[in-house]
Amino acid sequence: MSARPEDWLRWARETFGPIAADPGERALRFVEEAIEEGQAAGISRETVAAIADRVYARPPGALARELGQAQGCLELLALVAGVDLDAEATAELARVMAIPKAEWAARHGAKVKLGIAADEAGRVAAVDAPPRSLDPPAP
């Protein structure tokens, strides 16, 4: 495994502080990026909403398994789209590291105000519902 995940975390902590290591905040950012990927691939907002409705109509899965499935889907999408995922992730890390911290602070602050990002205390003022726990469901 590459050291890139640790490089991402180091950059995120230096840029955003302790909230960068909050699992709830990381999940929010992952959902945002997944939606942006879908948009880039031509998926409509209505289709994304229909998928979200289907997902939330079922009980939550286990986080570790869902992460493995998400990575598998991403790797397969990259493969069939002819994208070198490793090279793109490395280039993206270099790109974001070159953006001034003040710009990132402004972007994050705007997301906090919209209720789609956690504040310094880890609170998300969700628009319509509190975020679901990342803990696995009780047996």
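Helix H4 (residues 63–81) contributes the largest share of a nonpolar surface patch, namely 5 residues, helices being DSSP runs of H or I of at least four residues, numbered from the N terminus. The patch, of about 560 Å², is made by Leu74, Leu76, Leu77, Leu79, Val80 and Leu85; patch residues have over 30% relative accessible area and no salt bridge, and nonpolar side chains are joined within 5 Å. A salt bridge is a side-chain nitrogen of Lys or Arg within 4 Å of a carboxyl oxygen of Asp or Glu, and accessible areas come from the Shrake-Rupley method with a 1.4 Å probe. Leu74, found in helix H4, counts as partly exposed at 40% relative accessibility (buried means under 20%, exposed over 50%, partly exposed in between).

The model is predicted, with local features requiring pLDDT of at least 70 and side-chain atom pairs pLDDT 80 or more, whereas totals for chains, interfaces and linings use all residues. Residues are numbered from 1 along each chain, and side-chain values use heavy atoms, without hydrogens and water.

The count of aromatic pairs comes to 4, where rings of Phe, Tyr and Trp (its six-membered ring) pair if their centres lie within 6.5 Å, and planes under 30 degrees apart count as stacked, over 60 as edge-to-face and the rest as tilted. Trp8 and Trp11 form an edge-to-face pair, because their ring centres are 6.0 Å apart and their planes at 85°. Trp11 counts as buried at 12% relative accessibility. Phe16 and Trp104 are likewise edge-to-face, with centres 6.2 Å apart and planes at 75°. Ring pairs link Trp8, Trp11, Phe16 and Trp104 into a cluster.

How values were computed
Patch = residues over 30% accessible without salt bridge, like charges linked within 9 Å, V, L, I, M, F, W, Y side chains within 5 Å. Helix = DSSP H or I, 4+ residues; strand = E, 2+ residues; numbered from the N terminus. Buried < 20%, exposed > 50% of the residue type's maximum accessible area, 1.4 Å probe, protein only.
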